[in-house]
Amino acid sequence: MYRSLLSGKRTLILLDNAISSEQVRDLLPGASNSLVLITSRNRLSGLVARDGARRLTLGLLTEGEALELLRMAVGRQRIAAEVQQALTLARLCGYLPLALRVAAEKISAKQDSSLRDLVENLSAERSRLDALDVDDDEMSSIRGVFSWSYKSLDPELARAFRYLGLLRGPDIGLLAVSALIDRPVHDAEDLVTKLSDQHLLEREGDRFSFHDLVKVYASELVTRHDTHEERVAVTRRLAVWYHQSLISANLCVTPDYEPVRAKVKKIHHELPKFDTRESALAWCKVEAPNILILTQHAADLGDHETAWQLPWLMAFHYYSTGLLTEWIKILTIGLASAEQLADPEPRVRMLMALSIANSRTGRNETAVSCLKQGLSLVRRTENLELTAALLANLGSTLREMKQYLQGITYAHEAFELAVSVGSEYLKAGSLDSLCELYVESGQPRKALRYGGIGLEAARASGATMNESNILVNLAHAHRDVGDTVAAMRGYKEALDLFEEIGNRYHEALALLGIAELHRREMCYEQARENAQRALDIFVLLDGEEAEVARVFLSALSEESAS
């Protein structure tokens with residue numbers, strides 16, 4: 001009868017919120033000139049494959065579209081009066097049309113209230129879904145819409161969705177998902193693909209993320225349906241997976257690297273494979289936000305071994321990228337956990353890393369204090385490798401403070417310990433410090449001598465970070481003895497290496513060195529270009545050398561004008 005009534009008519013048929021292809025197939029009109037428009041949170045692949053449907057996947061509204069929706073629903077004058085609050089409201093609603101409609105209804109219902117009031121309510125994440133509830137229509141609330149999809153999930157899929165709600169980072173990779181939900185990779189991929197097909201999870205390549213409001217909903221569900229013990233176990237399993245992955249990344253970046261004694265229980269989920277230093281560094285860059293959050297989680301749960309080792313294993317990432325504020329933040333968490341352990345070594349390692357991060361931002365007194373605390377602790381352990389590393393860093397920090405003689409003494413002591421231990425990696429670190437001290441104290445020939453030995457040690461141990469640092473210092477030394485050709489060659493070789501490993505801080509130092517060579521040759525435009533690039537990097541990294549670059553550019557302008 002349905003098909004007979006539609007025969008010969010041009011009718012628009014809207015089938016809203018379909019669950020499956022089977023649910024709507026009997027409602028297709030057959031041979032007629034009618035148009036059927038079906039909306040669904042699922043992909044309905046069967047209709048595309050068997051019934052010739054055309055799928056149109058809708059994304060989120062753009063900022064402009066969201067603003068226009070609010071103008072139409074609330075009134076153009078009210079939106080124009082609080083346009084910045086309207087933009088914030090659109091962002092908090094995740095640019096979802098339904099969320100914006102609910103928000104608009106709340107605004108319209110209270111003519112004497114402002115958009116600011118609603119924005120303040122929505123800004124508190126835990127109450128965001130409550131603020132978007134509609135009192136007399138549960139199914140029009142955002143929570144109700146999400147529940148349509150959640151209630152259709154089988155138990156294993158629902159469990160995976162809830163566990164993903166424990167995430168606080170921006171996104172997660174497939175291998176990490178496998179560890180999180182404790183399933184083999186192929187099973188994990190099947191589960192997240194199904195969640196993505198139902199638009200409960202967004203996929204980009206092999207990374208998965210929640211829409212902001214869906215994340216809040218998943219977080220609510222895992223707190224409501226899973227016990228505290230279950231949530232702790234999931235979080236710890238993911239933190240340990242990241243710990244093991246970071247050990248692999250460190251070994252790839254520095255083959256001579258000796259991991260800290262593992263007191264973190266291993267798990268047996270597939271780890272990422274790093275074929276090159278670039279792949280290891282790229283992985284750390286993407287995963288840094290998750291690792292920072294998991295470090296805090298581990299500390300909160302009392303898992304202090306994991307909470308100090310994650311920051312330690314991320315040191316090479318932060319050292320090369322120069323993200324100092326984040327580095328100090330994660331190290332501060334790590335130090336607090338290290339102080340809870342009987343073994344002094346974790347505290348020593350955290351203090352040493354904090355000294356480097358603080359020195360980079362110009363807090364040299366704090367850096368020296370950290371190193372001296374570390375030395376007083378490490379003397380009790382007779383750990384010569386760690387002692388050598390602390391001494392080399394103390395030499396570098398004293399160089400920053402222009403206390404060259406004392407710094408050279410400490411760097412030489414570090415070198416002697418490295419030789420006695422027989423570690424090429426430690427030799428490279430101590431000679432990097434010594435070479436730089438001799439450059440800045442006006443002894444370039446000694447810098448060339450010790451820097452040359454250090455470069456060999458860095459290359460022998462695969463210590464790319466030290467190699468790049470020493471190349472810059474050797475270029476400085478060649479410049480200061482008047483060999484500009486060798487200096488330029490050294491800077492350019494270093495720049496190639498920095499690009500490979502992502503060492504922005506020393507890239508800026510090399511650019512400033514090249515700028516100085518151009519200035520000496522009165523090539524002012526090239527000098528200015530390189531110095532400006534260096535300044536931009538230093539500003540980005542919040543490095544104290546930004547002022548050095550500014551002074552250089554100012555002097556360059558005066559010199560070129562005259």
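Author: Start with residue classes: Ala, Val, Leu, Ile, Met, Phe, Trp, Tyr, Cys and Pro count as nonpolar, Asp, Glu, Lys and Arg as charged, and the others, Gly among them, as polar. By these classes, the lining of the largest cavity has six nonpolar, four polar and one charged residues. This is a predicted model: local features need pLDDT of at least 70, side-chain atom pairs count only at pLDDT 80 or more, and totals for chains, interfaces and linings use all residues. Residues are numbered from 1 along each chain as its sequence is written, and side-chain values use heavy atoms, with hydrogens and water left out.

Reader: What makes a space a cavity, and which residues line the largest cavity?

Author: On a 1 Å grid over the protein atoms alone, a cavity is a set of points where a 1.4 Å probe fits but cannot get out; lining residues have an atom within 4 Å of a point. Leu166, Leu167, Arg168, Gly169, Leu180, Thr235, Leu238, Asn290, Ile293, Leu294 and His297 therefore count as its lining. Four of these residues come from α16, the largest share.

Reader: How much space lies in the largest cavity?

Author: About 90 Å³. The structure holds three cavities of 30 Å³ or more. Volume here is the space filled by probe spheres set on the points, which are joined across faces, edges and corners.

Reader: How do you know what leucine 164 is in contact with?

Author: Contact means heavy atoms within 4.5 Å. Leaving aside neighbours within four places in sequence, leucine 164 is in contact with Ile172, Val177, Leu180, Val192, Leu195, Leu201 and Phe210.

Methods. On a 1 Å grid over the protein atoms alone, a cavity is a set of points where a 1.4 Å probe fits but cannot get out, and a pocket is an open set with protein on both sides within 12 Å along at least five of seven lines; lining residues have an atom within 4 Å of a point. Helices (H or I, at least four residues) and strands (E, at least two) are DSSP runs, numbered from the N terminus.
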